[in-house]
Amino acid sequence: MLIYILSRNENLYSTKRLYEEVLNKGWEARVIDYLKCTIEIMKNELVVNYEGEVLKVPDAIIPRIGASRTFFVAAIVRHFAMQDVFSTTGNLALTRSRDKLRSLQVLSKNGVDLPRTVFASNKSNAKDVIALSGGTPLVLKILEGTQGVGVVLVDSKKAAKSVLDAFYGMDV
C-alpha cells in the first residue's frame, strides 16, 4: 500500500509520527510538500506532478494542511479523489472546517448557545456593526485568521471603529 502524507514540513512531529506508523504497518510512505505539486487535467486523464515527477497514484493520502492554503490543497485532494484515492480528509471537509462563519451558522441552527456575532463586509458602517454587536467591549476578528491572529478585544467605540477601519483597509 502506498500512502502520501501531504505536509509542508516532514520534520513536524505529527508528520513524522504518521510516517513512522505507516512504515510500521509495512506500507510505503512518502511525505509530499503540497505546495510543490501541480495538477494536470486532460481528457480521461488526471495527473499530479511533484517537483517535475509524475506521481504514482497512491492508495491513500493523509492531508496535513495549513489554514492559509486550504483552497489550493482542497483542489489537490479533490484531484486525488477523482483518481479514486482514499483520503483521511476530503476536500469538502477541508473547506468547511476552515469556514468560521459557516460553523457559527450551523451551530446556531442546531441550538448551540453562542455570543452575538455580526458579519459585515468592508462596505458596512462601523457604527452600525458596533451597535448590532451590542456595543463595547467586543471582540473583532477576521474570518481568515488562525491561532489568535486577526483577533482584537476593543473596549471603546473609538477603538472599535479604528480596528474595523484597519480591517476594512486590509480588505479582509
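This dialogue explains how to read several features of a predicted protein model.

Biologist: What should be kept in mind about this model and its numbering?

Modeller: This is a predicted model in which local features need pLDDT of at least 70 and side-chain atom pairs count only at pLDDT 80 or more, while totals for chains, interfaces and linings use all residues. Residues are numbered from 1 along each chain as its sequence is written, and side-chain values use heavy atoms, with hydrogens and water left out.

Biologist: How many helices and strands does the protein chain have?

Modeller: Both are DSSP runs numbered from the N terminus: helices are H or I of at least four residues, and strands are E of at least two. The protein chain has 6 helices and 9 strands.

Biologist: What is the radius of gyration of the protein chain, and what would a compact globule have?

Modeller: The radius is taken over C-alpha atoms, and the globule rule is 2.2 Å times the number of residues to the power 0.38. For 172 residues a compact globule would have a value near 16 Å, but the protein chain has 21 Å. Along the principal axes, its C-alpha atoms fill a box of roughly 60 × 35 × 30 Å.

Biologist: What share of the residues is buried?

Modeller: Buried means under 20% relative accessible area, exposed means over 50%, and partly exposed lies in between (1.4 Å probe, protein chains only). Buried residues make up 31% of the 172 residues in the protein chain.

Biologist: What share of the contacts joins residues at least 24 apart?

Modeller: A contact means heavy atoms within 4.5 Å. Among contacts between residues at least 6 apart in sequence, 57% join residues at least 24 apart.

Biologist: Which strands form the open sheet with parallel pairing?

Modeller: Two strands pair if DSSP finds at least two bridges between them. The open sheet with parallel pairing has 4 strands in the order β2-β1-β6-β7. Strands β2 (28-32) and β7 stand at its edges with a single partner strand each, so one side of each is left without a neighbour in the sheet.

Biologist: Which residues stand opposite one another around β6?

Modeller: Strand β6 (residues 60-63) pairs with β1 in the parallel sense over 4 bridges. Tyr4 stands opposite Ile61 in β6, and the bridge partner of Leu6 is Pro63. Strands β6 and β7 pair in the parallel sense over 2 bridges, with Ile61 opposite Ser87 in β7.

Biologist: Which way do the residues of β6 point?

Modeller: Ala60 and Ile62 point one way from β6, whereas Ile61 and Pro63 point the other way, and all are buried.

Biologist: Where is Gly90 placed, and is Gly90 buried or partly exposed?

Modeller: Gly90 lies in the loop between β7 (86-87) and α3 (91-97). Gly90 counts as partly exposed because its relative accessibility is 33%.

Biologist: Where is Asn9 placed?

Modeller: Asn9 is found in the loop between β1 (2-6) and α1 (13-24). With a relative accessible area of 32%, Asn9 is partly exposed.

Biologist: Which strands form the sheet with antiparallel pairing?

Modeller: In that open sheet, 3 strands follow the order β3-β4-β5. Strands β3 (37-42) and β5 (53-54) are the edge strands, and each pairs on one side only. Strand β4 (residues 45-50) pairs with β5 in the antiparallel sense over 2 bridges, and Val54 in β5 is the bridge partner of Asn49.
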